Amino acid sequence: MSKIVEVNVQSEIGKLNGVILHTPGEEVENMTPENAERALYSDILNLSIARKEYKQLSEVLGKITTTYQVKDLLTNILKDDATKLEVLNRIEKIEPFIAEHTPKGSIKDQLLDEDAEDLARLLIEGVEMKRDTLTKFLNKDWYDLRPLHNFFFTRDASMSMYNEVLIGKMANAVRDREAIIMQSIFDFTPGFNTKTLNLATTPDPLRKITIEGGDVQIAREDILVIGNGVRTSTRAIDALMYNFINRNEDKVQHILVQELPHSPESFIHLDMVFTFLDKDKCMVYEPLIMSPGNYQTVHIKIQHGKLVSIRREKTLLHALKKLGMDLEPVYCGGEDETWNMEREQWHSGANFFCVAPGKVLGYARNNYTVEAMNNAGFEIIRANDVISNKVDLNKYEKYMITIEGSELPRGGGGARCMTMPINRDAVEW
């Protein structure tokens, strides 16, 4: 990385100046129907198709902004021997078995002998099990160090929050190494000017602190919107609240918390039911966001090192409107049939990624959502037309670039899930 990159994200919609991606690799194919559920999948993916679809996403973003790949960033920091040892020491804390002595030596020793590129690959794709003890000989698993099947969803393990990076505390141990890798990238890459905030260091005797990036959205420089569900706990939001209190800043900090159902699995994160599209528009899954029922919206207000208030709001959109963000909802699946809403929400129909105000990426497969976007004033543009330079994006005030998605949505996420922005322009509200 030749230049210094200031990590600075003050909104979900500001013009995108840099984003971290991870192209799915062998770690996605290193999965069987037997271990898919443990890997947090309901099905196994066809890697060749998933990579073609992901290539559309990465090439479109490459036309619009600067992109960085996780594997390249990890390889670069592992070229330094001291950093290599520190990264493996961090991994040993969550996967202590890598230091276990065997007749052929420990996994950690093996990894220390690898060059930077091979080590980066192994930390992501997994280390095949050596059957050098009876325990391992009889083990049904294939890997000593399990593959990171979910890593192409780069949003979850780290999230740019204003001028720092909040490190995820993953709800499932199978993803813990993702957070270690992302924190190490930001801690040791000289080109990233930022600091990391890791809530996992907060005293947590009940081990209830979990937070993932799909639940954290920067509405405005003074408003965080956070989902509370199966992946992000109330204790994690409390820990974040205390962090803001301890900063003792003059400015007001608002945290809007939206409770989420714990099932079905398509509701795992807030960005599966709600995303920002423009200064005055948002994408919603109507049955939950507009008619929340038992799922509360809570407004936390912090200033001068104190909790000013914590209270219930009618809906998330009502709470945002009271804070000066009057958003018109666009409905995932359209407005006519709940059936269509449910089907398209399941395939990440509400999961949009902004590259600028009113300029977004989403899946082509969700026909009713695409139609709703078009009716809301968004020009619908095919990803391949952007890649082949058939269209000039500068000619459009608002657009939705449609990414093919027959395979990727089966992993349980969309365009926002697969992107980790590191810098955006400020928005003139």
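Axes here are lines fitted to C-alpha atoms, for helices over the stretch in contact, and angles run from 0 to 180 degrees between N-to-C directions. Helices (H or I, at least four residues) and strands (E, at least two) are DSSP runs, numbered from the N terminus. The model is predicted: local features need pLDDT of at least 70, side-chain atom pairs count only at pLDDT 80 or more, and totals for chains, interfaces and linings use all residues. Residues are numbered from 1 along each chain as its sequence is written, and side-chain values use heavy atoms, without hydrogens and water.

**View 1. Helices α3 and α6 cross.** The axes of α3 (residues 70–78) and α6 (residues 116–125) come within 8 Å and cross at roughly 130°. The crossing is right-handed (near helix turned clockwise from the far one by less than a right angle).

**View 2. Residues between α3 and α6.** From α3, V70, K71, L74, T75 and L78 meet residues of α6 including A116, L119, L123 and I124 (contact: heavy atoms within 4.5 Å). By class, this contact has eight nonpolar, one polar and four charged residues (nonpolar: Ala, Val, Leu, Ile, Met, Phe, Trp, Tyr, Cys and Pro; charged: Asp, Glu, Lys and Arg; polar: the others, Gly among them).

**View 3. The largest nonpolar core.** This core has 40 residues (buried Ala, Val, Leu, Ile, Met, Phe, Trp, Tyr and Cys joined through side-chain atoms within 4.5 Å; buried: under 20% relative accessible area, 1.4 Å probe, protein chains only). V225, F276 and L320 are among those with the most contacts inside it. Helix α11 gives the largest share, four residues.

Technical notes: Buried means under 20% relative accessible area, exposed over 50%, partly exposed in between (1.4 Å probe, protein chains only).
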